[in-house]
Amino acid sequence: MNKIRLGILGGGGDSLIGPVHRIAASMFDRYELIGGVFNPIWEENIGFAKKLGLPKSRIYKDLEDFIGNETALPTDQRVQVVSVLTPNFLHFPMAKRLLEEGFHVICEKPLTTSYREALELKKIREEKQSIFAVTYTYTGYPMIRQMRSMIQNGDIGEIQKIDAQYYQGWINPVIHSPESRKSVWRLQPEKSGQSCCIGDVGTHAFQMLEYVMGQKIKTILADLNYLYEDNFMDIDGTILLRMSGNAKGVLRASQIATAEENNFTIAIYGTKGHLKWAQENPNYLYFGLENTPLQVLKPGHEYNTNSANDATKLPPGHPEGIFDAMGNIYNGVANAIAKKAVDGSYPDLYDGVRGMQFIEAVVQSHQSGNTWIEMK
Ligand SMILES: NC(=O)c1ccc[n+]([C@@H]2O[C@H](COP(=O)([O-])OP(=O)(O)OC[C@H]3O[C@@H](n4cnc5c(N)ncnc54)[C@H](O)[C@@H]3O)[C@@H](O)[C@H]2O)c1
């Protein structure tokens, strides 16, 4: 079987997320990395491509160079799907041009820097019918897929309370001086968009809640923290959530939770019991039922659903980590490209658009004096 020809924009040798995507793409032997633009500085770009063993002819100086040359190639040679792994402000212009030229797209979150741009991408995709994934990586973990199946199967009953927390501490060392803030693109609105903390990590927590519940959050009320008057990007936030009926909850996100690493947790409480998961120990799914000893579910067992076991590659006892989670998303995209059908095994453009709606609603709620905002 021919492999899917993959291009990458961003994700160079100096990047955080680049290695995760490259390893994920190679995990199921379904993609072949062909080329791309890894870095806007030519020497860095070509130097890194050489390290990866890619031919110089498929390394381009920028997006237009990539599109012009790739679309001139015969269809059986040109790149089919492009991963966009740049800082946020480049997602929209890159994804838009790629969609217009008929490429499939795998785009990092947050999808764009505004809800309006996200809606524009949705419109173009509807016309072009390309596959479009947005890499909310954590939905690729087997025990998250198990959690989703169990909630939707009614195992914890009717949902009445939801709680998501995404605490990091890495901004604490840079936030206290205006000079050091300049070294971080996530703290610059022109590169990051209208939000730092909620756009970067809060959006993961929001998408995860809706993903595992299969239900929408209806209204939100946000209180953001900027810590200093001359810092224009949120670095912490607490958001109250309401669903239909009387179910309510809270989403807490922070990048100044000092000395926290990647402490992302999610808990859903129903009328019969709860399910709880933590990213730093992703093999454990805690299942509590009224008047029953706590159960801990793990990957690779027959008691799990097919969606969890399909996302598990090794026998029980082998940690399924972040690379595996992203690998499962790439595998879902490969299935969709092969069948030209969406099979629900990867977060798609809908999740990306919804994420942008959430970020804008949060900023609007905070700026309007902590008011309730509807998320239609
Ligand atoms: N899904 C996740 O869990 C997750 C985790 C981390 C980052 N991200 C997202 O991934 C994106 C990148 O984040 P990062 O932490 O890897 O950033 P980074 O700053 O570490 O890396 C960005 C890369 O983009 C390259 N780049 C910049 N401008 C470019 C251009 N014009 N053309 C081509 N390449 C260019 C840089 O050279 C660098 O290699 C962000 O949108 C971020 O939100 C997602």
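1. Two strands pair if DSSP finds at least two bridges between them. Strands (E, at least two residues) and helices (H or I, at least four) are DSSP runs, numbered from the N terminus. By this rule, β4 (residues 104-107) and β5 run parallel and are joined by three bridges. Across this pair, Val 105 stands opposite Phe 132 of β5.

2. The model is predicted: local features need pLDDT of at least 70, side-chain atom pairs count only at pLDDT 80 or more, and totals for chains, interfaces and linings use all residues. Residues are numbered from 1 along each chain as its sequence is written.

3. Five strands form an open sheet in the order β2-β1-β3-β4-β5, with parallel pairing. Its edge strands, β2 (31-37) and β5 (132-134), each pair on one side only. From one strand to the next, the twist averages 20°. Axes are lines fitted to C-alpha atoms, for helices over the stretch in contact, and angles run from 0 to 180 degrees between N-to-C directions.

4. Helix α1 (residues 18-26) lies across β1 (4-10), β2 and β3 (81-85), and runs at about 150° to β2. Contact requires C-beta atoms, placed from the backbone, to lie within 7 Å.

5. Which residues of helix α4 (residues 91-100) are buried (20 or more other C-beta atoms within 10 Å of their own, with C-beta atoms placed from the backbone)? They are His 91, Phe 92, Met 94, Ala 95, Leu 98 and Leu 99. These residues are on the same side of α4 because they cover an arc of only 165° around the axis, taken from the directions from the helix axis to the C-beta atoms. The buried residues of α4 pack against β1, α3 (63-71), β3, β4 and α5 (115-128).

Methods: Two residues are in contact if their C-beta atoms, placed from the backbone, lie within 7 Å. A residue is buried if 20 or more other C-beta atoms lie within 10 Å of its own, exposed if 12 or fewer, and partly exposed in between; C-beta atoms are placed from the backbone.
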